[in-house]
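Please open the structure in your viewer and keep the sequence panel at hand.

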Amino acid sequence: GLLDGVSETGVHPLTFICKDSVSGDSLSFSLAYFELSDFADRTAAQTLINASEFSNSSGVQIYGGYGDPIVGWFGNDNYVTYSQVNYLAPGASKGILLSYAKDEIAEGTVEVRLGGPAGKKLVEFVPINLNSWYPFVDAWVELDAEVDGIHDLTFIYKGAGGWSLESFSIREATQLPSVIPSNRPSVSPSKRPSNVPSIVPSTMPTQLPSVIPSNRPSVKQSVVPSTVPSSLPTVTQLPSMIPSSRPLYNVALNKSTSQSSTYLNDPKYYSFKAVDGDVRPESVVGIGNGISLTNKEINPWWEVTLGTSVVIESITIYNRDLVHNGCTANYGGNCSRHLKGFRLEIFNGEDANAVFT
């Protein structure tokens, strides 16, 4: 950004001067492009902002080796600030959809602040180690604080390690399935000692989503423990405020998800697809549509983070329903066999041990 108090209008020459280095060494200076802008084009709702289009920064560098320029080399307290960001209308459950990469074992956190680096903290999250600086993956981070209107936004990296940022946008949570091609891992401050990465914000909304559709063609598997440990309360011990005939809700709807890989890195197979509420089978929506799908690999996995305490009464899995030559000869063309031999595990909070398998 321009220095405080500097305000120029009209047409004038402009000069860049590379000043003396602290070490006294000679310097070189490379410039790919520059722009004088008030960033008014960002004021539209849910605008995608490229990471390199920042207004102010400290300690970071722009790198163009992956196609579109990205911002990297974040160290402790390094930051980037973006002007004129639209935080959408008041009252909406909203968050940041961002594309990032990380190949550092050391864990740090990223703070999102309103305005500059000293502004109000909106959320803090841990970008998980992806063991690669490319390709970039997408993550959904819900905002902890209520904010609306047009304001600046700052990302500050804290701690060891680092990350690279490709792009981001402010979006309403309820519009994610229709606005983007579903999942993107999510970002969590969770440090559960598990090899399953997840990225979820430090707090999650408690509002229960809509009722599970009950009349969809599907392959269902009810998952209910055959025995209840004696340490758990029996049904007769549950609080009387819970009605025995209460409706079942899909507590996974639009929650944070991740998976071990995405087939061909194709957005149509992002893991969000499995919780976007659309349970229509492929025989209706077409082959490969409306599903999450990993690459063929050893021990592939998919995960959803509910983010709040819930009572799980049953789990319904909507499997693929097509016989198609797109499903390799290993499956005899039967796409539903992609789930052959799968294991379902339920974890309680950050406990590394499954409470149900």
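In which strand is the place of I150? Select I150 in this predicted model: the residue belongs to strand β10, which covers residues 150-159. Now display the surroundings of I150. Apart from neighbours within four places in sequence, I150 is in contact with T43, Q84, V85 and N86.

Two stops on backbone geometry follow. Most residues other than glycine have a negative phi, and most peptide bonds are trans.

Select W73 next. This residue sits in the loop between β4 (70-72) and β5 (79-86). Although W73 is not a glycine, its phi is positive, at about 60°. W73 has 49% relative accessibility and therefore counts as partly exposed.

Move on to N299, in the loop that runs between α2 (282-285) and β13 (302-305). N299 is likewise not a glycine, and its phi is positive at about 55°. Is N299 buried or exposed? Its relative accessibility is 64%, so N299 counts as exposed.

Finally, select Y134 and P135 together and inspect the bond that joins them. The peptide bond from Y134 to P135 is cis, and its omega is near 5°. P135 itself lies within strand β9, residues 132-142.

Definitions and conventions:
Residues are numbered from 1 along each chain as its sequence is written. This is a predicted model: local features need pLDDT of at least 70, side-chain atom pairs count only at pLDDT 80 or more; totals for chains, interfaces and linings use all residues. Side-chain values use heavy atoms; hydrogens and water are left out. Helices (H or I, at least four residues) and strands (E, at least two) are DSSP runs, numbered from the N terminus. Buried means under 20% relative accessible area, exposed over 50%, partly exposed in between (1.4 Å probe, protein chains only). Contact means heavy atoms within 4.5 Å.
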